[in-house]
Amino acid sequence: MLEGRDLVLNLGFSHSVRMAIPDGLQVKVEDNTRIAVIGYDKCAIGEFAAAVRKWRPPEPYKGKGIKYADEIVRRKDGKAGKKK
């Protein structure tokens, strides 16, 4: 959710994560799971998106985490593997 010039993320930590949106970028929160970063500077967009993703990278066992729209997370089997 957006609060002024801050992006507030509820990522399962004890407190919500607040990130200041850099000048020159716009952030839109669509639904509750999509974040769109818009701007002219492609480098600034990538840096901000990477900073957001760094808080909860996608993990291969349950597939949870923040991932890019075109990213595919390879899933792994659990401890015992797939039993036949």
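Me: Where does Leu2 lie?
Reply: Leu2 sits in strand β1, residues 2–3. Helices (H or I, at least four residues) and strands (E, at least two) are DSSP runs, numbered from the N terminus.

Me: What kind of model is this, and how are residues numbered?
Reply: This is a predicted model, where local features need pLDDT of at least 70, side-chain atom pairs count only at pLDDT 80 or more, and totals for chains, interfaces and linings use all residues. Residues are numbered from 1 along each chain as its sequence is written, and side-chain values use heavy atoms, with hydrogens and water left out.

Me: Why is Leu2 called partly exposed?
Reply: Buried means under 20% relative accessible area, exposed means over 50%, and partly exposed is in between (1.4 Å probe, protein chains only). Leu2 has a relative accessible area of 37%.

Me: What makes the nonpolar surface patch with Leu2?
Reply: Leu2, Val29 and Ile35 make the patch, about 200 Å². Patch residues have over 30% relative accessible area and no salt bridge; like charges are joined within 9 Å, nonpolar side chains (Val, Leu, Ile, Met, Phe, Trp, Tyr) within 5 Å. The areas come from the Shrake-Rupley method with a 1.4 Å probe, and for residues only the protein chains shown count as cover.

Me: Why is the pair Glu3 and Arg18 called a salt bridge?
Reply: A salt bridge needs a side-chain nitrogen of Lys or Arg within 4 Å of a carboxyl oxygen of Asp or Glu. The closest N and O atoms of Glu3 and Arg18 are 3.0 Å apart. That is within the limit, so the pair counts. Glu3 is in strand β1 and Arg18 in strand β3 (residues 17–20), 15 residues apart, so the pair links distant parts of the chain.

Me: What can bring such side chains together?
Reply: Side chains of opposite charge can pair when their charged atoms come close.

Me: What makes Glu3, Asp6 and Arg18 one network?
Reply: Arg18 also meets Asp6 in a salt bridge, 3.4 Å from N to O. This pair links Arg18 in strand β3 with Asp6 in strand β2 (residues 6–9), 12 residues apart. Salt bridges that share partners join Glu3, Asp6 and Arg18 into one network.

Me: Are these three residues buried, partly exposed or exposed?
Reply: Glu3 is at 38% relative accessibility, so Glu3 counts as partly exposed. Arg18, at 47%, counts as partly exposed. Asp6, at 23%, is partly exposed.

Me: How many salt bridges are there by this rule?
Reply: The count comes to 3 salt bridges. Among them is Glu71 with Arg53, 2.6 Å from N to O. Glu71 lies in the segment after α1 (42–54) and Arg53 in helix α1, so the pair ties together parts 18 residues apart in sequence. Glu71 has a relative accessible area of 21%, so Glu71 is partly exposed.

Me: Why is Val8 called buried?
Reply: Val8, in strand β2, is at 7% relative accessibility, so Val8 counts as buried. The C-alpha atoms of Val8 and Arg18 are 4.6 Å apart in space, while the residues are 10 apart in sequence.

Me: What makes the phi of Asp31 worth a look?
Reply: Phi of Asp31 is near 55°, a positive value in a residue other than glycine. Most residues other than glycine have a negative phi. Asp31 is in the loop between β4 and β5. At 66% relative accessibility, Asp31 counts as exposed.

Me: Why is Ala69 called exposed?
Reply: Ala69 is in the segment after α1. Its relative accessibility is 78%, so Ala69 counts as exposed. The C-alpha atoms of Ala69 and Ala20 are separated by 22 Å.
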